[in-house]
Amino acid sequence: MRGVLGGFLQTLKSFLTKPVTRLYPYEKPPLEARFMGAPSLLWDDAVDEVVCVACNICARSCPDDCITLTGDKYTAGKTNKKNIIKDYFIDLGRCSYCGICVEVCPFDANEMSPHFELSTYDRMTLIYDKDQLIEIGRGVTRRTGKPEPVGPLPGILDPSTYR
Amino acid sequence: MAIAPSIDMLREPAPSVAEERNLETVEMTINMGPQHPSTHGVFRMVLTLEGERVKNVQSHIGYLHRGAEKLGESGDLEGYRKAMITLDRTDYLSSLLNEHAYVMAVEKLAGISVPERAEYIRVILGEITRINSHCMFYGAFGADSGATTPFMYAFALREEIQQLFEAVGGARMFPNYYRAGGLREDVPHDFVRRVQTIIDRALYAFDDFDNLITTNEIFLSRTRGLGIIDQTRALDLGVSGPLLRATGLPYDVRRSEPYSIYDRFAFDVPVGTTGDCYERYLIRQEEMRQSVRIIDQALKDLPGGPTMGNAPKALRPPKGEAYVRIENSRGDFGVYLVSDGKSSAPYRVKYRSPCFVNLQSLNDMVIGTYIADAVVALGSIDIVLGEVDR
């Protein structure tokens, strides 16, 4: 009998403390600075084009084979790269968000963005093309291999849009 | 006045229903799983019942087979990193412990040394993973034996731990954080403070866990004396981890064959005497406290310096093979790697998963018990089907 009472006392104690539950879609949890959401392509603001040079290392290193890309000869002449991407697809339905593509990139051209609310009704819409990947990469800075920023990173999506 | 039979009395080997009442009984076969919540995944048991008693049990595994070993052997670039992605997803509750085994195997194969700081961080995160996994056991085992509240308590602590994993490795369950030669990157600047907060909270949480069910009479009568396996049988079956230690054998790979830097820490290996479900529960509770002890010592000695050793950028180990084993939260986990010396992916990957071996003891535990106790006995093995089926 004492053991059962101990359990009831414990639940009573918890009843009087603050709940740990978060009302998720309304109340967003803080994301850590290293949080790995969907992979994204980075935009070089200085020359107004993507950083990527279509070297294919990310696609070859991907454990899930979810990256497909094709390159084009680079003719704009703003930087000294030889190729630039024509198409870049990531199948986020296959992606395991491991971050290896970011780690192996020799040109710092991609980063894991904090976007994680990717659910859709159609599987085909999970195949993100170049423009979508650049779009989710806006405001994301290259973190891997750089000195650590201080403090947690707040979610970059406005919580009010989810109410 | 008739005395209602206690649950302990009912558990004594009763004469079979047919003999007692002189009735003709028909054996019934029922199918439990693969979509049953208390089979911990997609495990399927075909139980042959005589009345309420289990006469035979046949286990069917393989519903979650994803070919993790074969996928680990593929790869054009970075093959040694790719294997870890699938390894993380085999035993999804102790991913960092398994990563530790895998990177140690790669390091042994390629002759890479690891900096002190990386070793300490691996031990700290590994022991936190063990707490995380045993919390899951605590919650699920409570639910199996009829108490739903422990699940919430366990997950409150798990949430904090997974938040730490997110801060360290970027993902809550599959951090993919260890690399051959060290770590992917150094831990965040507030790592020591956060780990300290977690272990302080964890010690309070363990007391709460104890208050809830450890001395609860219903829980005791559900678990004590159930699923007994003696030491010789356990050794014959090859079980390891808390199942083996509950039979009284203090076998722990961290102690018997110290790997990494486990020989520097003082910790006890809790053992049981009878080897029943309740002792397996108690041993896991005590192991969580011992893990906190190890983390405490490791945090005090945590050195500075680099976290990545002399690992080459493109890993191509010489021809050879390596086997490394560690004490997983479920038992003796081993990784066997073969390199052909030419490619950048392992030629062969083999995981020795403790769950698969421990699950073989199910027949010994379950036959002769009531069907409701079969669920508790299965829960006490603490299987993860991802690791059984790989």
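**Entry 1: the end of H16(B)**

I began at B:Asp382, which follows directly after H16(B) and has a positive phi of about 60°. I note here that the model is predicted.

I then went back to the helix itself. H16 of chain B covers residues 371-381. Is it mostly covered or mostly open? I found it mostly covered, with nine of its 11 residues buried. The buried residues run B:Asp373, B:Ala374, B:Val375, B:Val376, B:Ala377, B:Leu378, B:Gly379, B:Ser380 and B:Ile381.

**Entry 2: H13(B) against H16(B)**

I looked for a helix that packs on H16(B) and took H13 of chain B, residues 277-301. The two axes come within 9 Å and cross at roughly 30°. I recorded the crossing of H13(B) past H16(B) as left-handed.

Which residues meet there? From H13(B) I listed B:Cys277, B:Arg280 and B:Tyr281, and from H16(B) I listed B:Val376, B:Ala377 and B:Ser380. By class, this contact has four nonpolar residues, one polar and one charged. I had already noted B:Val376, B:Ala377 and B:Ser380 among the buried residues of H16(B).

**Entry 3: the largest nonpolar core**

I looked up the largest nonpolar core next and found 130 residues in it. The members that touch the most other members are B:Tyr102, B:Ala105, B:Val106 and B:Ile124. Which helix gives the largest share? I found that H6 of chain B, residues 116-144, gives 13 residues.

As a general remark, nonpolar side chains tend to be buried together in soluble globular proteins.

I picked out B:Ile124 and left aside its neighbours within four places in sequence. B:Ile124 is in contact with B:Val195, B:Ile295, B:Ala298 and B:Leu299.

**Entry 4: the two domains of chain B**

I checked the division of chain B, which gives domain 1 (7-60) and domain 2 (68-389). Taken over C-alpha atoms, their centres are separated by 32 Å. The contact takes 18 residues from domain 1 and 21 residues from domain 2 of chain B.

On the domain 1 side, I found that helix H1 (7-11), strand S2 (44-50) and strand S3 (53-60) of chain B give two or more residues. S3(B) gives the most to that side, with six residues. I sorted the domain 1 side by class and got seven nonpolar, six polar and five charged residues.

**Entry 5: chain A**

I turned to chain A, which has 163 residues, 25% of them counted as buried. How many helices and strands does chain A have? I read four helices and seven strands. Along the sequence the pattern is α-β-β-β-α-β-β-α-β-β-α.

I also looked at contacts in chain A with a separation of 6 or more. Residues 24 or more positions apart account for 75% of these.

**Entry 6: where chain B touches chain A**

Last, I looked up the contact of the two chains, which takes 26 residues from chain B and 28 residues from chain A. On the chain B side, helices H4 (79-88), H7 (149-169), H8 (191-214) and H9 (217-223) each supply at least two residues.

Which of these gives the most? I found that H7(B) does, with six residues. The chain B side divides into nine nonpolar, eight polar and nine charged residues.

Key. Residues are numbered from 1 along each chain as its sequence is written. Chains are lettered from A and ligands numbered from 1 in the order in which they are written. This is a predicted model: local features need pLDDT of at least 70, side-chain atom pairs count only at pLDDT 80 or more; totals for chains, interfaces and linings use all residues. A nonpolar core is a set of buried Ala, Val, Leu, Ile, Met, Phe, Trp, Tyr and Cys residues joined through C-beta atoms within 7 Å. A residue is buried if 20 or more other C-beta atoms lie within 10 Å of its own, exposed if 12 or fewer, and partly exposed in between; C-beta atoms are placed from the backbone. Two residues are in contact if their C-beta atoms, placed from the backbone, lie within 7 Å. Ala, Val, Leu, Ile, Met, Phe, Trp, Tyr, Cys and Pro count as nonpolar, Asp, Glu, Lys and Arg as charged, and the others, Gly among them, as polar. Axes are lines fitted to C-alpha atoms, for helices over the stretch in contact, and angles run from 0 to 180 degrees between N-to-C directions. A crossing is left-handed if the near helix is turned anticlockwise from the far one by less than a right angle, and right-handed if clockwise. Domain bounds come from an automatic or database domain assignment.
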